[in-house]
Structures are given as structure tokens and as C-alpha cells.
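I opened my notebook today to look up a few places in a protein chain. Here is what I wrote down as I went along.

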Amino acid sequence: MAISNNRLTAAEYERNFSDVHPPFDGRESALVEANRCLMCYDAPCMKSCPTSIDIPKFIHQITTDNVKGSAHTILQSNIMGAGCSRVCPVEKLCEGSCVYNFLHEAPIPIAKLQRYSTEMAMQRQWQLFTRKPETGKRVAIVGAGPAGLSCAHVLAREGVDVTIFEKEESGGGLMTYGIAAYKVTPEFCREEVEYITSIGGITIRYGQELGRSISLTQLRAEYDAVFLGFGVGLARRLDIPGEDLEGVVDAISFIYGLRTQPLAQTPVGDRVIVIGLGMTAIDAATQAKRLGAKEVTIVYRRTRAEMPCTQVELDLALLDGCKVLWLAAPEEVLGTDGAVTGLRCSQMRLGEPDASGRRAPVHSGEEFVLEADMVIKAAGQTPFEEMVEACDLQHTGGKVAVSGNVTSIGGVFAGGDCVNGGREVVDAVQAGKDGAAAIMEFLGLHAEVKKNVPTPEAII
Ligand code: SF4
């Protein structure tokens, strides 16, 4: 049994959890990269951004030293543009679509340039948006994650007063509680939430959980409309023997622990097995290694061709010294005296394609055992089905049913992970914008979601 904390020196924790993608080292480096952009007329990078940021425009603004205008271009489409520049899987979005890939050259570092502009805006507290006159309308939002904050900012810009009800003690949702600390620190997340809400007209009430401290009926009675953006959060069970042994944790709780307590206080094993190969699995595996685990083995039941994480994420885990066992399916967590000692796995092979179109793993008939003192489950998350059911919302397996962000209950809208079951942060931001547009229509207000007027100094 070797699960313990305080494995490293303070300097080692600091080094292991420092920024994995450092920013430009100065204005000149940013200008060199920005000047490579071809300003494509039919920019494929922009089409690959779920929030449709005008990428060639913001890059052009950097080349002319109009960083404030550049930040405005980004943030009017994606108010979490600073956070997204650190956590977006850009290799499969904007940068993956950059025409330079077809020229066999490095794509424009769009995320790094986005970070350059947006972080300057945050550091210098540029107020790039002004609120329209008060409309007298009040909207309640459940969840201060990317969808809720994005919806709130659009509504606040349009003169609507917003109150966000958040069950945690900080805003940011997945960004604050569910992403590796070497991508975004809790301090950065707090600053981003403060920057977003600094527009005014947005109040966040923390420690307020739907179904416990507040009810949907109460919110509907007190506000003109309600937006639900409470995400997903329950870790999916594996339903295999031994799952409740001491030393088995789910990746969401493991990462949550890392984000809410000092790194040195987060327990980790000597020999850690991570089950799954999505982004959360990678975040858990790399952080277990960086916390001082001697061995981290990722167990995945398919092959590299079907993996849900990106190659960049996989490379990060491999560079950190994590191992990947392909075509291995967990069958039983083994233990002694109530604590984990290993994992029995089936060796798989690929069969015919399943409903997802990917070749399905089937048992080869062989088994093997891996030794471990900690098993981290990262097999996905499930929606808050009980809570959704208790609110009398129509749903599919706990995912809130919507038609264009409109739920089955009048005046109640929803978007983001609680609707789609969990996608990227940037998808949730767009869902918040879409929800705000639907609410504006419901309230009989004319929205200019994409045409916010910048303060004069922000214009080119
Ligand atoms: Fe610039 Fe690449 Fe986008 Fe073209 S595709 S506008 S080169 S970032």
C-alpha cells in the first residue's frame, strides 16, 4: 500500500505543474507568427471554431499592434477566449484546419496568439463591452460554468440582469474543477470569472444547488426566464467486481481534489492504473505522474486509431512517462484487506464496426493481471438524471431534452454539457450564446449577439 501525499519537494511540485504551453516571450515573437498568417479569404480555421471567432481578423489586428481590438474580436465571439486558448484541443479544431498543414508547414499558433491578446486584456482590465440600457428583465442561470457564464455575458450586454446560482464555491465549472492544473491554474480561472462578470449586471450566488437550496419552480416564479447550464458530473461506474475497494477513485474526483487542495496534500499511488483514454483520462494520468507516482499505466480497450484523445494529448502523457496498454479491457479490481493490489484485464482484438462506426473490441480469450495500488476510472460521466427528473424536465437518460435551447417547460432554456452529455469547453460557450439568443427572443428583446459595439478605443 503506497498511496500517500507529499512525495515531492515544493520546487518539484512547482516545476511539474507549471504552464505546459508557455506564452510568447514577447511582442516580437507574437508578431513574427502573426505575420505568417495568409489571411485566407475563406478561412478554414474560422469554420472549425465552434464559436466562429474571426481568426484572420484578430491575427491581422495583432500585426498592426491593435491588441485591444484583437481581444475584442476574440471575446465578442467567445467570452472565455482566454481560457479556451489554453484548453481547446486546437489540433483538431482551428489549428488542425489551418492551410499551412496542407503546405506541410507548422500551422499558425492560433491558440498562442489568442492567449497573447486575451491575457493582455485581462491583465490590463480592458473593458471592451458596454451594457445597453436596463431592460428591466431578470434571468436566472443555473451553473457558473462556460455555458452559464457565456449566456450571462451576452444577456448582461443586452441590458438584462442576471443571477447565476452555482453549487461550488467558485465559478468556471469544468475549467476550474475538471482540467489539469498545468493547463489552467485555479487563480487564472478565478481571474477569468472576475473579468467576465466585471461588465456588471451579473451576480453569482455560490453554494446554491438546484434541487437542494433552490428549486426550478422558485426560479421560474422569481425570474422572467431560466437558463440551465449545470453540466454533467457523475463519474460513470465500470460495474466490475472490486470497484469499491480502497484506492479506486474516479478521475473527476481525483482532478477535483487537485484543484481544491494544495498539490502536496493530494494522495497518489506508486503504481497507478488509469482506465480510459479520453482527455480526462490523460489529465488524470499525467497529473498522477507529476504528483510523484512511479508507474502510470493507461488501459484502453481499443487501439490508437479509435482513441478519443488527440495525438497531442497522448504525446504529452507518453513524454511524462505514462505507458499505454492497447486492447486491454478491465474485468476486476483485485485487492487484499480491502485495498487495491491490481487489475485483471482481458486481452481484446478488434471485431466488426459498432453503432459508433468504430471497430468494436471483442475478447481474445486471454487474460492478464497488472499490479497496482491505485486505480483511476475515467470511463466518462453521466448526467444528473435524478435532479433532471425531479425538475419534471423531459430528458433522455438525464440529458435535458431541448429544441433550439428551449426545454419542455415554458420559460426554461438549457445548453451545454447538461444537454449534450459533455463536449469541449468551447462548445459550451457557444451553447450559452445560443441560449441567450433564444431567451432574448422569448423576452421580446432584440438581440445583437454578434454585433456588440466596442468602446471607441477598441476599434481599428
Ligand atoms: Fe491564417 Fe491559417 Fe487561418 Fe489561413 S487558415 S487565415 S493561414 S490561421
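**Entry 1: a histidine in a helix.** Before starting, I noted that helices here are DSSP runs of H or I with at least four residues, numbered from the N terminus. I also reminded myself that this is a predicted model. With that settled, I looked for His153 and found His153 in helix 9, which covers residues 146-157. Is His153 buried or exposed? Buried means under 20% relative accessible area. His153 has a relative accessible area of 3%, so I put His153 down as buried. Next I asked which residues His153 is in contact with, leaving aside neighbours within four places in sequence. My list reads Ile79, Phe129, Ile196, Ile199 and Ile202.

**Entry 2: a phenylalanine.** I moved on to Phe254, which sits in helix 13, residues 251-260. Phe254 is buried, because its relative accessible area is 5%. Again I left aside the neighbours within four places in sequence, and I wrote down the contacts of Phe254: Val249, Thr266, Pro267, Val268, Ala284, Ala288, Leu291, Met374 and Ile376. I also looked up a distance from Phe254 to Gln311, 57 residues apart along the chain. Their C-alpha atoms are separated by 23 Å.

**Entry 3: helix 4.** Which residues of helix 4 (residues 55-63) are buried? I found Ile55, Pro56, Phe58, Ile59, Gln61 and Ile62. Then I checked what the buried residues of helix 4 pack against. The partners are helix 2 (27-34), helix 3 (44-47), helix 5 (67-77), helix 7 (94-97) and helix 8 (110-123). Helix 4 is followed by Asp65, and I noted that the phi of Asp65 is positive, near 65°.

**Entry 4: salt bridges.** How many salt bridges are there? The count comes to 27, and I picked some of them to look at.

- Glu33 and Arg36 meet through their side chains at 2.8 Å, N to O. Glu33 is partly exposed at 22% relative accessible area, and Arg36 is partly exposed at 21%.
- Asp42 and Lys47 form a salt bridge at 2.9 Å, N to O. Asp42 is partly exposed, with 48%, whereas Lys47 is exposed, with 59%.
- Glu332 and Arg344 form a salt bridge at 3.1 Å, N to O. Glu332 lies in strand 10 (residues 328-336) and Arg344 in strand 11 (residues 339-353), so this pair ties together parts that are 12 residues apart in sequence. Glu332 counts as partly exposed at 24% relative accessibility, and Arg344 counts as partly exposed at 23%.

I also came across a network: Arg237, Asp239, Glu243, Asp244 and Lys377 are joined into one by salt bridges that share partners.

**Entry 5: a charged patch.** Which residues form a negative surface patch? I wrote down Glu385, Glu386, Glu389 and Asp392. Where does Asp392 lie? I traced Asp392 to the loop between helix 16 (385-390) and strand 15 (395-396). The cut-off for exposed is over 50% relative accessible area. Asp392 has 63% relative accessibility, so Asp392 counts as exposed.

Definitions and conventions:
Residues are numbered from 1 along each chain as its sequence is written. This is a predicted model: local features need pLDDT of at least 70, side-chain atom pairs count only at pLDDT 80 or more; totals for chains, interfaces and linings use all residues. Side-chain values use heavy atoms; hydrogens and water are left out. Patches are made of residues with over 30% relative accessible area and no salt bridge: like charges are joined within 9 Å, nonpolar side chains (Val, Leu, Ile, Met, Phe, Trp, Tyr) within 5 Å. Accessible areas come from the Shrake-Rupley method with a 1.4 Å probe; for residues, only the protein chains shown count as cover. A salt bridge is a side-chain nitrogen of Lys or Arg within 4 Å of a carboxyl oxygen of Asp or Glu. Lys and Arg count as positive and Asp and Glu as negative; His and the chain ends are not counted. The place of a charge is taken as NZ of Lys, CZ of Arg, CG of Asp or CD of Glu. Helices (H or I, at least four residues) and strands (E, at least two) are DSSP runs, numbered from the N terminus. Buried means under 20% relative accessible area, exposed over 50%, partly exposed in between (1.4 Å probe, protein chains only). Contact means heavy atoms within 4.5 Å.
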